[in-house]
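Here is a quick report to read with the model open beside you. Let's walk through it piece by piece.

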Amino acid sequence: SRDNCIDGGGSALATIWSKNLPTQASVMVTHTWSSLFLHLVAGICADALEEEYYESVAEKLLAGHKTRQELRQAIESKGVSGRI
């Protein structure tokens, strides 16, 4: 939870995903607590797909399971799914 992060009781997501191994970042992602999580995820996916804007990706994320699977396949076909 956010409280765990602030109080030092949690772990950074990057630390968990890298299995606590030192890893050189290739992309910096940031957010604000007042933003929609949808926009954060859509922005990351749009970057992976080399799209300039994230609006169409956000629509796909909201469209349902089949469309999200198609989005996942598009990212995997780019060979960058390990980055996100």
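## Two exposed loop residues

Asparagine 20 counts as exposed because its relative accessibility is 61% (over 50% is exposed, under 20% is buried and anything in between is partly exposed, with a 1.4 Å probe and protein chains only). You'll find asparagine 20 in the loop between helix H2 (13-17) and H3. Its phi is positive, about 65 degrees, although asparagine 20 is not a glycine. Most residues other than glycine have a negative phi.

Glutamate 50 sits in the loop between H3 and H4. Glutamate 50 also isn't a glycine, yet has a positive phi of about 60 degrees. With 65% relative accessibility, glutamate 50 counts as exposed.

## What you're looking at

This is a predicted model, so local features need pLDDT of at least 70 and side-chain atom pairs count only at pLDDT 80 or more, while totals for chains, interfaces and linings use all residues. Residues are numbered from 1 along each chain as its sequence is written, and side-chain values use heavy atoms, leaving out hydrogens and water.

The protein has 5 helices and 0 strands (DSSP runs numbered from the N terminus, with helices being H or I of at least four residues and strands E of at least two). Starting at the N terminus, the order of elements is α-α-α-α-α. Of the 84 residues in the protein, 15% are buried. Take the contacts (heavy atoms within 4.5 Å) between residues at least 6 apart in sequence: 33% of them join residues at least 24 apart.

## The nonpolar core

Which residues make up the largest nonpolar core? There are 11 in all: Ala42, Cys45, Ala46, Ala48, Leu49, Val57, Ala58, Leu61, Leu71, Ile75 and Val80. (A nonpolar core is a set of buried Ala, Val, Leu, Ile, Met, Phe, Trp, Tyr and Cys residues joined through side-chain atoms within 4.5 Å.) Helix H3 (37-48), H4 and H5 are the elements that give two or more residues to this core. H3 gives the most, with 4 residues.

Cysteine 45 belongs to helix H3 and, at 9% relative accessibility, counts as buried. Not counting residues up to four places away in sequence, cysteine 45 touches Val57 and Ile75. Cysteine 45 and valine 57 are 12 residues apart in sequence, with 7.1 Å between their C-alpha atoms. Leaving aside neighbours within four places in sequence, valine 57 is in contact with Ala42, Cys45, Ala46, Leu49, Glu51 and Leu71.

Isoleucine 75 lies in helix H5, and its relative accessible area of 5% makes it buried.

## How H4 meets H5

The axes of helix H4 (residues 55-62) and helix H5 (residues 65-78) come within 6 Å and cross at roughly 130 degrees. (Axes are lines fitted to C-alpha atoms, for helices over the stretch in contact, and angles run from 0 to 180 degrees between N-to-C directions.) H4 and H5 are therefore oblique to each other (under 35 degrees is roughly parallel, over 145 roughly antiparallel, 65 to 115 roughly perpendicular and the rest oblique). Val57, Lys60 and Leu61 of H4 make the contact with Thr67, Arg68 and Leu71 of H5.
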